[in-house]
Amino acid sequence: MIPELGHFALILALLTAATQSLIPLFGGLKRTANVSAAAVPAARAQFVFCLLAFACLTAAFVLQDFSVTYVATNSNSALPLHYRVSAVWGAHEGSLLLWALILSGWTVAVTFFSRNLPDVFRVRVIAVMGAISVGFYLFMLLTSNPFSRLLPSAVEGNDLNPLLQDFGLILHPPMLYMGYVGLVVPFSFAVAALIGGRLDPAWTRWTRPWTVVAWVFLTLGITLGSWWAYYELGWGGWWFWDPVENASFMPWLMATALIHSLAVSEQRGAFKAWTVLLAIFAFSLSLLGTFLVRSGVLVSVHAFATDPARGLFILMFLALVVGSALVLFALRAQAVSGGGRFDLFSRETLLLINNVLLVVAAASVLLGTLYPLILDAMGLGKISVGPPYFNSVFVPLVLVLLAVLGIGPLTRWKKDRSRRLATLLRWPLIASIVAGVVLTVASDAEGLAAVLAGLVFAAWVAATTALALVERVKLRTSPLAGLLRLPRGFTGMTVAHLGAAVMVVGITLTTALSTEKDLRLSPGDTYAIAGYEFRFSGVRQSPGPNYRAQRGHIEVTRSGKTIAQLFPEKRLYLNSSSPMTEAAIDPGFTRDLYAALGDELGDGAWAVRIYHKPFVRWIWLGGLLMALGGILAVTDRRYRIMVRNERGRSDRALASGAFAEG
Amino acid sequence: MPRFTVPLGIFLLLVVLLGVGLTLNPRLVPSPLVDKPLPAFELPTVLDPEQRLSHDELRGRVSLLNVWATWCVPCREEHPVLVGIARRGEAIIYGLNYKDDREEAVNWLETLGDPYVKSGFDPTGRAGIDLGVYGVPETFIIDANGTIVYKHIGPFDDKIWRETLLPLVKKAQENSS
């Protein structure tokens, strides 16, 4: 009964979403604003129905209803409760439902936080979001219904993919989807502006905080995903350039470009058409990512169930959504382009370089992800593009980006003098080179050039960011008052840029200084790396709720003192009979000690992998700092104050754009 | 206006590409060895170091070549399936014991049953490299001419055997008779 209720709620959600997107069209034709306004309650009702459907699916998991196909394939009576809840989004159908729920959640948020938008514009935004919801509900109901019954019902479930039975996976997909789907807001704002044929400064002011919030979620989601892959996959790697990772990374790069381009549009009124295009691209890449992951056109380590019929549906949906947005762009961009003029040497130029680099970076990731597909489509054989391609293309781009990142915040809008900037940048330049050289020598690493480059650029970003802060605070009478009076937007930028520096340090040092050893250890054997002594004392059986584990014990000592006890496990999940490696990690601010159990080699000896990973935490710390920067920026005072006086003016302006044209 | 249509043009190209991509199956990673003769090898057998197993022996009738090792957990899951196939006489199975310890391997065959006509002993993995083994277990179907017809990566269960592999074995048998 509960699954049928969920199914019914899903159909109602589809119908309300259709109402939400069609009513404004009708209201527009009749030019009756009160009809169009019905889109708002429709959007809220859609959220309620979608939430109900989601609750029904969760109930089916919690109550172990194995007569539902999706539950029977992804759960098991031995599965602990918290994993039964997170199993709701553990596979294709349920994660789509989560997608749709989050999308309707964002729509409801827009209905509540857009009261000061002109009504016509607000309704258009909600209608665009409704159209996208319709696509996802249809996709679910036609090709991937999570509520399909299994007749006769299964006695026992198949169990959740053991890789996903992990704390990180409870949080990672919701975060990532919040980011992915959140990009629908700037997209809808852009499309609504194109329909109206007007793009005034108010548009950027509305779009910017939404973009930053989506970006914060995306940043957190990617950071969590990287951390999860590090400890769960048991290879000690933190980024694999896997198509699924790339699918989330491309929208992130685009959203980062969008945030910076919005800054220019808001402050200077320049780059308007470009900003609109970026807003379209960012969400398009989210959809493309969904297509790549769900359709099975690419093989990935994150093996989701794939099906060509689903692929075809998403492709048509993608073509429709992105195609119509780009047609609209082609028709209307002329009308919204233009704006502030600026000199060659100005902050605008540097932000333009930033944008171009980020877009090129996203395009190169896209190319690398699709390249195997391109060759295959042209009948040139099957190949896979691995980390070597991505690293050799990506690293130089990032280094240039870091160089520009340092200069940008110190440069003036519109027009600056190179001599002023040269004087200003002299000290950070010297400081970062000295710091880079000293730290490189101190790190005693192989591959000197790479470490030197990484550390110099990280120090450069840190030094220039600090300088920008000093310059800003200097304007005030006392430094303390200056610090306290800093706008949150500026503080946010500073924190996020420092986060980038911290991440670069982490990536550089982890890549250059990590030691990893594959060993054959018998009980009592010891092995030393980087001054740490690893002592293996054997493996014992240790049963789990739905798996059998073999649990190793390794004691780590340093100059006779015990540092950590590591218990790496090798698990065999009973229902799927899939073996899993559970690595044991002793985390630290400047280093991680990591042990993973390989295979039994006989006589009590085991293949054991041990790693010493210096500064690996800094990678995720950098990600967290970036997200924190975003949170600070979005709580800036200017977003907290409602811009009431905008309302009347923009309303009249937008109303003059004929609504029926859209 | 033309320059604003550039993104649309690029996007349409991308859609065409993705559409073509949908018609392809990336999971069928063809082994470069499929439709090629079985690479030459000559190995001592697991049970008797004096006896040899060579590629020549696999000619003349359709057979399976199963790559296995005692350190491989999925092999342990797959083993009863192989024993069942041998018992029912559905196929002739040769083994390639990969990077393993002889004593362990003998012990495995004695306790779990020996479905293999013979198992080649390849402790260094040299023959495995020629066969393009990149994960254990792997199973090759070899026709009467000694040509590799199919390669299955990873363990297989009764269902995969009945639905995928057995029909291929039967087809190869019809072709050669």
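My entries on the two chains follow.

**Ground rules.** I noted that this is a predicted model, where local features need pLDDT of at least 70 and side-chain atom pairs count only at pLDDT 80 or more, while totals for chains, interfaces and linings use all residues. Residues are numbered from 1 along each chain as its sequence is written, and chains are lettered from A and ligands numbered from 1 in the order in which they are written.

**Chain A, overview.** I counted 22 helices and 10 strands in chain A; helices (H or I, at least four residues) and strands (E, at least two) are DSSP runs, numbered from the N terminus. Of its 662 residues, 52% count as buried. For burial I used C-beta atoms placed from the backbone: a residue is buried if 20 or more others lie within 10 Å of its own, exposed if 12 or fewer, and partly exposed in between. I also looked at contacts, meaning residue pairs whose C-beta atoms, placed from the backbone, lie within 7 Å. In chain A, 75% of the contacts with a separation of 6 or more are between residues 24 or more positions apart.

**Domains of chain A.** The domain assignment gives domain 1 (1-165), domain 2 (417-506 + 627-640) and domain 3 (515-615); such bounds come from an automatic or database domain assignment. I found the centres of domain 1 and domain 3 of chain A to be 43 Å apart, taken over C-alpha atoms. Their contact takes 8 residues from domain 1 and 7 residues from domain 3.

**Cores.** I then turned to nonpolar cores, which are sets of buried Ala, Val, Leu, Ile, Met, Phe, Trp, Tyr and Cys residues joined through C-beta atoms within 7 Å. The largest has 209 residues, and M254(A), V276(A) and I280(A) have the most contacts inside it. Helix 10 (residues 201-232) of chain A gives this core its largest share, 17 residues. Leaving out residues up to four places away in sequence, V276(A) touches several others, including A190(A), L199(A) and F329(A). A second, separate core of 40 residues includes L43(B), W108(B), L109(B) and V169(B).

**Chain B.** Here I counted 5 helices and 7 strands, in the order α-β-β-β-α-β-α-β-α-β-β-α along the sequence. Chain B has a radius of gyration of 21 Å, well over the 16 Å that the globule rule gives for 177 residues, so it is more spread out than a compact globule. That radius is taken over C-alpha atoms, and the rule is 2.2 Å times the number of residues to the power 0.38. The C-alpha atoms of chain B fill a box of roughly 80 × 35 × 30 Å along the principal axes. Of the 177 residues of chain B, 37% count as buried.

**P115(B).** Beyond four places in sequence, P115(B) touches L82(B), V83(B), I85(B), A86(B) and I93(B). P115(B) and F11(B) lie 104 residues apart in sequence and 55 Å apart in space, C-alpha to C-alpha.

Terms used: Two residues are in contact if their C-beta atoms, placed from the backbone, lie within 7 Å.
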